Amino acid sequence: MLILKNAQQFSHEMILSVNLEGGIFIDATAGNGHDTLFLAQHIEKGSKILAFDIQEQAILQTRQLLQNNDLEGKVTCILDSHAQISNYLGDQDLVRLAIFNLGYLPGSDKKIITTPSSTIEAIQILLDRLEKKGKIIIVSYYGHDGGIEEKNSVEELISVLPQKKWSVLKYQFINQINCPPICYVIEKK
């Protein structure tokens, strides 16, 4: 029986496809903490997770979720924009995997959204800091004001990455209504 995965399930499958031992992992949009928790449940010794969000509510929810699962020691939660990732990495640090969920924090003010400028800046930083075979996973929830502009900005950037250095995938259901989420995966060759 063939079962197709939704964008979030597919993103988690992509997380599990990398070496989970001894790397730096980034949740660029902690939100309610679900991806951070997934990372914390699966990384192995020597790995480090940084979880970013600009909303204190998101950081508090993420910390609570980690505490409820006895995993808070595996994650550093950072109340800051993902565009500031470089400020939290050492000069020589490379990132094995980063994940973004673009849109707004479910259950909160829908006017506070990820923006093309900070998202593009963060992706560009990560492209420079990604280790070989590392991945950037971007799940775009774009059915809100400003969402299509951000989705288009991301696609413009990643669709022209040189194929000799990068593999870029777009995973999306095309027969669903209401702007089905898109999962992009960028892998450094």
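**Close-up 1. Helix H4 (residues 116-129) packs with helix H5 (residues 147-159) at an angle of about 25°, their axes lying 9 Å apart.** Axes here are lines fitted to C-alpha atoms over the stretch in contact, and angles run from 0 to 180 degrees between N-to-C directions. H4 and H5 are therefore roughly parallel to each other (angles under 35 degrees count as roughly parallel). On the H4 side, Pro116, Thr119, Ile120, Ile123 and Gln124 make the contact, and H5 brings Glu149, Glu150, Ser153, Val154 and Leu157 (contact means heavy atoms within 4.5 Å). The model is predicted: local features need pLDDT of at least 70, side-chain atom pairs count only at pLDDT 80 or more, and totals for chains, interfaces and linings use all residues. Residues are numbered from 1 along each chain as its sequence is written, and side-chain values use heavy atoms, with hydrogens and water left out.

**Close-up 2. Thr36 sits in helix H2 (residues 34-42).** Thr36 counts as buried because its relative accessibility is 0% (buried means under 20% relative accessible area, exposed over 50%, partly exposed in between, with a 1.4 Å probe and protein chains only). Setting aside neighbours within four places in sequence, Thr36 is in contact with Asp27, Ala30, Ile49, Ala51, Thr62, Leu66 and Val75.

**Close-up 3. Asp70 lies in the loop between helix H3 (56-68) and strand S3 (75-79).** Its phi is near 55°, a positive value in a residue other than glycine. With 69% relative accessibility, Asp70 counts as exposed.

**Close-up 4. Cys179 belongs to the loop between strand S6 (166-172) and strand S7 (182-188).** Though not a glycine, Cys179 has a positive phi of about 55°. Cys179 is partly exposed, at a relative accessible area of 32%. Helices (H or I, at least four residues) and strands (E, at least two) are DSSP runs, numbered from the N terminus.

Technical notes
Parallel < 35°, antiparallel > 145°, perpendicular 65-115°, else oblique.
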